[in-house]
Amino acid sequence: MDNQADIVSRIDRLRRERGALILAHSYEPGEVQDVADVVGDSLELSRIAAQNDSAKLVIFCGVHFMAETAAILRPDRPVYMPDPNAGCPMANMITPRELAEERNRHPGAVVVAYVNTTAEIKAVSDICCTSANAAQVVKSIPADRPIIFIPDRNLGDWVAGETGRKNLFPWRGFCPTHNRIMERDVREARAAHPGAPVVAHPECRPEVRAIADRIASTSGMVRFAKESPAREFVIATEIGMCYRLAKECPGKRFWPVTELADCPNMKLTTLEKILWELEDLAHPVRLDPAVAAAARKPLEKMVAILGQ
Ligand code: SF4
């Protein structure tokens with residue numbers, strides 16, 4: 001294939017011709033982040049997808065549930081994925097049948113679904129959240145109502161601690177990428193970068209979170225890094241985040257706590273695939289309209305709470 005600069009200029013030309021908005025998650029490869037119109041976490045990208053009125057179509061560089069979310073929030077605008085095989089193993093760790101059985105175990109419970117869930121699961125959930133607003137969403141639920149938190153046990157456990165909710169029942173899912181980060185990785189990174197604060201994502205294991213200096217969503221990490229007087233940071237999340245942080249905080253250095261925290265699904269998107277998608281529009285996100293309508297409700301409830 002042609003050299004990178006050539007591919008980027010062809011992407012730019014086609015993006016203008018098609019009126020395409022290119023969105024990329026912070027875990028995408030650096031060159032994909034560079035070509036995107038917006039780089040963000042799932043909350044930031046969901047908001048952009050819902051609010052942007054000028055784009056004719058969206059090219060979503062991320063994993064499947066994210067592109068689905070963009071399509072759910074704006075059904076009038078097509079969303080395309082450069083690689084439709086980019087899925088999220090954690091999103092597939094709960095099925096509608098399992099959720100129905102869990103509801104039977106906790107009568108009267110409110111189901112809080114992390115956005116890292118399929119459209120089918122959102123459609124049978126009560127309210128969505130992201131890692132940036134999970135505590136706020138949980139606090140909005142009356143204290144006497146049990147909460148089923150899906151699908152991430154680590155985020156669920158962290159939110160229960162942050163909010164003091166004893167009646168929160170996390171599902172047993174987990175992110176395989178964040179689970180690869182071990183306590184010893186944090187200790188070794190601290191020794192290698194003395195004085196650098198360790199910032200961990202709430203999807204990390206409890207023992208990793210316990211020895212971090214700060215727990216933050218990806219958007220929270222950007223804010224913290226900009227405001228902190230520190231010049232170096234150890235980052236305990238997917239390694240693509242270090243690229244975004246370095247770009248947004250010039251002059252500061254960001255060390256991944258381990259190079260093993262590399263999500264293979266996020267890395268399926270390449271510049272070539274973005275170009276091919278702009279050329280052929282071969283991979284639209286397709287959703288059953290009834291499922292999409294039902295899945296929109298918990299997402300809108302989340303957005304309404306954030307506006308309060
Ligand atoms: S980093 Fe984890 S949660 Fe995010 S897409 Fe990859 S597997 Fe899913």
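Ala200 has Ala236 as its bridge partner in strand E11. Those two residues belong to a pairing of strand E9, residues 198-200, with strand E11, residues 232-236, which run parallel and are joined by 3 bridges. Two strands count as paired here if DSSP finds at least two bridges between them. Helices, H or I with at least four residues, and strands, E with at least two, are DSSP runs numbered from the N terminus.

Before going on, the conditions. This is a predicted model, in which local features need pLDDT of at least 70 and side-chain atom pairs count only at pLDDT 80 or more, while totals for chains, interfaces and linings use all residues. Residues are numbered from 1 along each chain as its sequence is written, and side-chain values use heavy atoms, with hydrogens and water left out.

Back to the sheet. E9 and E11 sit in an open sheet of 4 strands, ordered E10-E9-E11-E12, with parallel pairing. Strand E10, 214-215, and strand E12, 253-256, are at the edges with a single partner strand each, so one side of each has no neighbour in the sheet.

Buried means under 20% relative accessible area, exposed means over 50%, and partly exposed is in between, with a 1.4 Å probe and protein chains only.

Now strand E5, residues 110-114. How many of its residues are buried? The count is 5 of the 5, so E5 is largely enclosed by the rest of the structure. As a general point, side chains in a regular strand alternate between the two faces of the sheet. In E5, Val110, Val112 and Tyr114 point one way, Val111 and Ala113 the other way, and all are buried.

E5 has pairings with E7 and E6. With strand E7, residues 147-150, E5 runs parallel and is joined by 4 bridges; the partner of Val112 there is Phe149. With strand E6, residues 127-129, E5 pairs over 3 bridges, also in the parallel sense, and Tyr114 stands opposite Cys129.

Leaving aside neighbours within four places in sequence, Val111 is in contact with Leu99, Arg103, Ser125, Asp126, Ile127, Ile148 and Ile150. Val111 and Asp288, 177 residues apart along the chain, have C-alpha atoms separated by 22 Å.

Tyr114 also comes up from another direction. Met90, in the loop between strand E4 (79-80) and helix H5 (96-105), is buried at 0% relative accessibility. Not counting residues up to four places away in sequence, Met90 touches Tyr114, Asn116, Pro151, Asp152, Phe174, Cys175 and Glu203. Of these, Asp152 is 62 residues from Met90 in sequence and 7.2 Å away in space, C-alpha to C-alpha.

Pro151 brings me to the backbone. Most residues other than glycine have a negative phi, and most peptide bonds are trans. What is the peptide bond from Ile150 to Pro151? This bond is cis, with omega near -10°, and Pro151 lies in the loop between E7 and helix H8 (153-163). Leu281 has a positive phi of about 45° although it is not a glycine. Leu281 is in the loop between helix H14 (271-280) and helix H15 (289-306), and is partly exposed at 21% relative accessibility.

Last, the chain as a whole. The protein chain has 15 helices and 12 strands. Its radius of gyration is 19 Å, close to the 19 Å that the globule rule gives for 308 residues, so the chain is as compact as a globular protein of that length. That radius is taken over C-alpha atoms, and the rule is 2.2 Å times the number of residues to the power 0.38. Along the principal axes, the C-alpha atoms fill a box of roughly 55 × 55 × 30 Å.

Buried residues make up 56% of the 308. Of the contacts in the chain with a separation of 6 or more, 61% are between residues 24 or more positions apart. The chain exposes about 13100 Å², with 51% supplied by carbon and sulfur atoms; accessible areas come from the Shrake-Rupley method with a 1.4 Å probe, and for residues only the protein chains shown count as cover.

Definitions and conventions: Contact = heavy atoms within 4.5 Å.
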